[in-house]
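Please study the sequence and the three-dimensional structure shown below. Then work through the exercises in order.

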2 protein chains.
Amino acid sequence: MPKVSQDYLDAQRTELLEGARRCFAQFGYEEATVVRLEEATGRSRGAIFHHFPTKQDLFLAVLERDAEREAARWAAGSSADVLAGLAAEDPDWATVVIEQSRRRRTDPSFQARWQGRTDLVRDALLALVRRERAAGRVAASIPDAVAARFLSVVGDGLLLQRAILGQVPHAGEVVALATAALAEPVPPAG
Amino acid sequence: MPKVSQDYLDAQRTELLEGARRCFAQFGYEEATVVRLEEATGRSRGAIFHHFPTKQDLFLAVLERDAEREAARWAAGSSADVLAGLAAEDPDWATVVIEQSRRRRTDPSFQARWQGRTDLVRDALLALVRRERAAGRVAASIPDAVAARFLSVVGDGLLLQRAILGQVPHAGEVVALATAALAEPVPPAG
């Protein structure tokens, strides 16, 4: 049996996950049937489900790959870059992610499996906040957890509007306002 | 035939729409069957569908009523009040609204019917921005449309996190950061 290189296997996996992502985005989770997944990925069902025993496994693998890319963006770039990326996300894919997100609240097993994705993005976001703070771009009065939550709320709002509207008017200005907000001292609540 | 007062009719309508809202929230749009709508509203299908010929009509009427209340909040209160209200929305109802929202992008007839709701909330939001500006709480460098978009993005982010997580950690601080952001001059983008 010939050996195949790890690079080749990685490339195959990437291609499979990208095809699956397009299929989920186009048809939604429920309507992404096995036949459609075969067409979108160019793989037989045997080849697909050899690596991902169920459709949920496949979907979570796509999400995980997205999370790795998002975490890499938080790790490498500014908060403005990442927010702008969310505002420019494929609207169909954003829709599927949002639809499936709600299962985290109602389906404990799904929540447990999604946790890896959540942790990855949360850690990268916190690391960014600390980096921005070290660079003097986060006001001392704003705790890390609050700054990270604020960025994630704005990011989710951009993602939702992208899913609903197909585009977010004034996205650049909204991102600039959000990032500037962290540099200013927060007034007392009340 | 005895005359019934307008107040009585309004109260009946409110009760019907509140029952329908609970039913949509509990089961989701698709699973809110006629039988379940009858149970939740305490009305026969004949009584329900006399006023709302289809389930979509009924759903849009519930949305419209929500929009009126949201517009009234924007009209009466501060942006902080409205954002806090979105962060405290019934998570199940938030989920249904978000699920159905995406149909605005893909279903032109649904989009057209949702437009009334959109216009109502947008006008109320713009009125609030102008009021806040007159009170000196919106920086001159931020146009009305940008301030309104920023508030709607933060509001949608809070609503989405409420739907996904069931609660939004640090919601109060996030709202305070968002409202403070509008008072500050926005730095040049880039």
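The exercises below concern symmetry, a helix, aromatic rings and the nonpolar core.

This is a predicted model, in which local features need pLDDT of at least 70 and side-chain atom pairs count only at pLDDT 80 or more, while totals for chains, interfaces and linings use all residues. Residues are numbered from 1 along each chain as its sequence is written, chains are lettered from A and ligands numbered from 1 in the order in which they are written, and side-chain values use heavy atoms, with hydrogens and water left out.

**Exercise 1. Determine how chain A is related to chain B.**

Solution. Step 1: copies are superposed by least squares on the C-alpha atoms of residues with pLDDT of at least 70 in both. Step 3: in chain A, the C-alpha nearest the axis belongs to A:Gly157, at 1.8 Å. Step 4: the copies meet through the same surface, because 100% of the interface residues of chain A are also interface residues in chain B.

**Exercise 2. State which side of helix H2 of chain B holds its buried residues, and what they pack against.**

Solution. Step 1: helices (H or I, at least four residues) are DSSP runs, numbered from the N terminus. Buried means under 20% relative accessible area, with a 1.4 Å probe and protein chains only; exposed means over 50%, and partly exposed lies in between. Step 2: in H2(B), residues 34–41, the residues B:Leu37, B:Glu38 and B:Thr41 are buried. They lie on the same side of H2(B), because they cover an arc of only 105° around the axis, taken from the directions from the helix axis to the C-beta atoms. Step 3: the buried residues of H2(B) pack against helices H1 (6–27), H3 (45–51) and H4 (55–76) of chain B. Step 4: after H2(B) comes B:Gly42, with a positive phi near 70°.

**Exercise 3. Classify the aromatic pair of A:Tyr29 and A:Phe59.**

Solution. Step 1: rings of Phe, Tyr and Trp (its six-membered ring) pair if their centres lie within 6.5 Å; planes under 30 degrees apart count as stacked, over 60 as edge-to-face and the rest as tilted. Step 2: the structure holds 10 aromatic pairs over all chains. In the pair of A:Tyr29 and A:Phe59, the centres are 5.2 Å apart and the planes are at 75°, which is edge-to-face. Step 3: A:Tyr29 lies in helix H1 (residues 6–31) and A:Phe59 in helix H4 (residues 55–76) of chain A, so the pair ties together parts that are 30 residues apart in sequence. Step 4: both A:Tyr29 and A:Phe59 are buried. A:Phe24, A:Tyr29, A:Phe59 and A:Trp93 form one aromatic cluster.

**Exercise 4. Which residues have the most contacts inside the largest nonpolar core?**

Solution. Step 1: a nonpolar core is a set of buried Ala, Val, Leu, Ile, Met, Phe, Trp, Tyr and Cys residues joined through side-chain atoms within 4.5 Å. Step 2: the largest core has 62 residues, and A:Phe150, A:Leu158, B:Phe150 and B:Leu158 have the most contacts inside it. Step 3: leaving aside neighbours within four places in sequence, A:Leu158 is in contact (heavy atoms within 4.5 Å) with residues including A:Leu83, A:Val175 and B:Val153. Step 4: in general, nonpolar side chains tend to be buried together in soluble globular proteins.

Note on methods
Helices (H or I, at least four residues) and strands (E, at least two) are DSSP runs, numbered from the N terminus.
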